[in-house]
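Welcome, and thank you for taking a look at this model. Here are some notes to read with the structure open beside you.

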Amino acid sequence: MAFYITTPIYYVNDKPHIGHAYTSVACDVLARYRRLKGEQVKFLTGTDEHGQKVEKSAAKAGVQPQAFVDEVSQSFRELCDTMNISNDDFIRTTEDRHKTAAQAIWQTMAEKGDIYLSSYAGWYSVRDEAFYAESELVEGKAPTGAEVEWLEEPSYFFKLSEYGDKLLEFYEKNPEFVKPASRFNEVKSFVKSGLRDLSISRTSFNWGVPVPGDEKHVMYVWLDALTNYLSALGYPKQDGDYATFWPADVHMVGKDILRFHAIYWPAFLMSANLPMPKRVFAHGWWTVEGEKMSKSLGNAIAPATLVDRFGLDQVRYYMLKAMPFGNDGDFAENRVAEVVNADLANNIGNLAQRTLSMIQKNCDGQVPKYDIHHAKPEDAALLDGAVKEALTAYHEAMDAGHLQQALNAIVKLGTDANGYIDQQQPWSLKKTDLGQLAVSENERTFNHLSAEYALKPGTALLKPEGVFPRIQAEAPITEAVNAG
Ligand code: MSP
């Protein structure tokens, strides 16, 4: 089975921070999960490099846009290394394969009769790269708080207004299209309130994909950017990766960019006669120590700083644990230490350490003999009961994208297993029952969680080392950042 999952492509006007790291980690976890299930996975991430905002940022930095985007795009590749992201491809919208795809989709939409030339007069926010109606403005600003400017220029338009009913019908038939459901309701009400045609080209700057046949115009950055999900599959060619992986299984996005993925993107795809993605998953936003992340507060922590301080798996763990499904999450340093110490050090780490040291001390460092088919009731309660329940709960949560719940299922099993040890007191049994691991790399998939692949008695084990050391208190990073 094929599984195609995408992160949004990141704007290059900013350095990577934990918001970006989170979206990538969440996708990474789902991609690895599907690979462990034996599925053929394509996991795409990349950078969104066009638009007026990038052109302005480059000018401010005093460099050519291409040099500017090359440098920042590289920092997003490095983010993948820092966070151990297992992406299969990294798409950049300045690559030829992407421009070809973006122009091809434009062409198809134009041939359908969905694009016309007119002129745009209205409000635009460069920060959001979005057009806003007068009625949407709040005290003269975009609803996101971004500055808007009045724009008047010739523009191509997409007949979005003709897609309202088709979108509503599509939502009706695909009730799982947007998760969580509360966000789907927001999308539906927006569409029901009526869609206006969408301006999809600009003439007042150059940094973009030229409109086919009218090179004074560059494509609106969102039409350009959304097409990345197809360009990485070789579109407009419809064989190869396109045939295997389209439609996408999951587009993971932050709640701020749901409208683009759940309304514009399906409408563009309908216009281009292409199949709809199966799911758009909208996650919440991070605050840092209770505050919005912002440049002026200097609290947008670099992911590498966190990884140095707490450890990679620890940061990944906290990110998934502290962002409940569909809600916002707060990045608080003392919480990272608390959560890591409670779930990893004291629970899973302790379970590993006490089990493995027991084997070293009492079983000559080898997996002792045991007979899984003649287990005592207490052993069966753990092996047949708690382990199976945890696996079922874990799979259900992962399939639904409830990452926090999946972790909870694992931690509960750790608690059950620690409880079993407390109760059985194997240190007093010494020479009888027990089980580290020495499980070979290629036997670590879900298919190997069976009696046939259980730990083999007599297997020699290495000297145990703590897997999740406790995190000690230190000076907070955010203050250090602010002071610097
Ligand atoms: N370039 C567009 C996406 C185009 S996809 C066809 C974009 N880029 S972004 O860099 O601004 O944001 C990328 C992702 O990071 C979004 O999913 C956004 O929600 C996420 N985050 C940015 N800041 C965030 C937080 N503070 N918290 C959580 N996620 C946040 O939008």
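1. A word on labels before we start: helices (H or I, at least four residues) and strands (E, at least two) are DSSP runs, numbered from the N terminus. Please also keep in mind that this is a predicted model.

2. The peptide bond that joins K179 to P180 is cis, and its omega is about -5 degrees.

3. A cis bond turns up again at P236. The bond in question runs from Y235 to P236, with omega near 15 degrees. Look for P236 in the loop between α8 and α9 (240-245).

4. While you are checking the backbone, have a look at N84. Its phi is positive, at about 55 degrees, although N84 is not a glycine. This residue belongs to the loop between α3 (65-82) and β4 (89-92).

5. Now for the ligand. Which residues come nearest to it? Among the 24 residues around the ligand, the nearest are I9, D48, G254, D256 and W286.

6. For I9, a backbone N or O atom lies 2.8 Å from a nitrogen atom of the ligand. For D48, a polar side-chain atom is 2.7 Å from a nitrogen atom of the ligand. You can then turn to W285, where a side-chain N or O atom is 3.4 Å from an oxygen atom of the ligand.

7. How much of the ligand does the protein bury? On its own the ligand would expose 660 Å², and the protein buries 95% of that. By type, the shell holds 13 nonpolar residues, nine polar ones and two charged ones.

8. Next, two helix pairs. Helix α5 (residues 164-173) packs against helix α6 (residues 181-192) at an angle of about 155 degrees, and their axes are 9 Å apart. Angles over 145 degrees count as roughly antiparallel, so α5 and α6 are roughly antiparallel to each other. The crossing of α5 past α6 is left-handed.

9. The other pair is helix α12 (residues 312-322) with helix α15 (residues 403-424), which pack at an angle of about 115 degrees with axes 7 Å apart. Are they parallel or perpendicular? The range from 65 to 115 degrees counts as roughly perpendicular, and α12 and α15 are therefore roughly perpendicular to each other. Here too the crossing, of α12 past α15, is left-handed.

Key:
Residues are numbered from 1 along each chain as its sequence is written. This is a predicted model: local features need pLDDT of at least 70, side-chain atom pairs count only at pLDDT 80 or more; totals for chains, interfaces and linings use all residues. Side-chain values use heavy atoms; hydrogens and water are left out. A residue is near a molecule or strand if one of its heavy atoms lies within 4 Å of it. A polar contact is a pair of N or O atoms within 3.5 Å; within protein, one must be able to donate a hydrogen and the other to accept it, and residues adjacent in sequence count only if both atoms are side-chain atoms. Accessible areas come from the Shrake-Rupley method with a 1.4 Å probe; for residues, only the protein chains shown count as cover. Ala, Val, Leu, Ile, Met, Phe, Trp, Tyr, Cys and Pro count as nonpolar, Asp, Glu, Lys and Arg as charged, and the others, Gly among them, as polar. Axes are lines fitted to C-alpha atoms, for helices over the stretch in contact, and angles run from 0 to 180 degrees between N-to-C directions. Angles under 35 degrees count as roughly parallel, over 145 as roughly antiparallel, 65 to 115 as roughly perpendicular and the rest as oblique. A crossing is left-handed if the near helix is turned anticlockwise from the far one by less than a right angle, and right-handed if clockwise.
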